[in-house]
Amino acid sequence: MNIDFPPPSNGVYNNAGSSRQLANYCEHEDLQRMEQGIYTEGFFNLTDDNVYKSHVIKDIDGNIGQLLKTDAKFYAVHVSPSEKELQAMGSTEQEQAEAMKRYIREVFIPEYAKNFNKGLSAENIKFYGKIHFDRNCLNIHCHLIVSRKDQSNKVKISPLTNHRNTQKGVITGGFDRIALFENVEKGFDNLFGYNRQLPETFEYCNTMKNGTV
């Protein structure tokens, strides 16, 4: 499972202002698929499917209490299963899309919340997901728009912070991306009964790339 957090930029991933540009991008393949009579998926969150884009933008853009004009207001996340993982998620696009939503709701968002070490749960995370089916570059994958603030609009949370469970000082908590990658991988395997081989594991790939101590 490949998970990445695209860094803020001046284009689609400009997160200092409105989420409209990213939400528009997330819908870019829908019109073509609808014209061809092919199955599409709307935005979803922890509890609801087929959420309108206008609601997504309004909800994310309105959850910015006490953030400065230049602060990040939201973050983008890409969740992309491998071809073998996708096969474990179903045999049709619709089955795979439903499995992807289940994985995001039951594994990724709970682990994302827990990884901040601030006592947060999945219910505290304000996010919307959009599944893409275009296979030109990737398998079926999911784009997430995650608010910088929690559901209460009081707690700041950033997956791009350099803190790793800080206990003292102005900033407490943190975000350990390696721990997240390892835990959501284990969660995927448990959820779908996937027998992951050693070369497929994040730990193996990370060791081959960066070496050991």
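**Entry 1: Glu 111 and Lys 114.** I began with helix H5, where Lys 114 and Glu 111 both lie, 3 residues apart, about one turn of the helix. The model is predicted, and I read every distance below as computed from it. I found that Lys 114 forms a salt bridge with Glu 111, with 3.6 Å between the closest N and O atoms. I then looked up the exposure of Glu 111: this residue is buried, at a relative accessible area of 17%.

**Entry 2: Glu 98 and Lys 101.** I stayed in helix H5, which spans residues 93-114 and holds both Glu 98 and Lys 101. These two are also 3 residues apart, about one turn of the helix. Their salt bridge has its closest N and O atoms 3.1 Å apart. I noted that Glu 98 is partly exposed, with a relative accessible area of 39%, whereas Lys 101 is buried, at 2%.

**Entry 3: Lys 84 and Glu 200.** I turned next to a salt bridge between the side chains of Lys 84 and Glu 200, at 3.4 Å from N to O. Lys 84 belongs to helix H4 (residues 83-88), while Glu 200 sits in the loop between helix H6 (177-192) and helix H7 (202-210), so the pair ties together parts that are 116 residues apart in sequence. I recorded Lys 84 as partly exposed, with a relative accessible area of 46%.

Notes: Residues are numbered from 1 along each chain as its sequence is written. This is a predicted model: local features need pLDDT of at least 70, side-chain atom pairs count only at pLDDT 80 or more; totals for chains, interfaces and linings use all residues. Side-chain values use heavy atoms; hydrogens and water are left out. A salt bridge is a side-chain nitrogen of Lys or Arg within 4 Å of a carboxyl oxygen of Asp or Glu. Helices (H or I, at least four residues) and strands (E, at least two) are DSSP runs, numbered from the N terminus. Buried means under 20% relative accessible area, exposed over 50%, partly exposed in between (1.4 Å probe, protein chains only).
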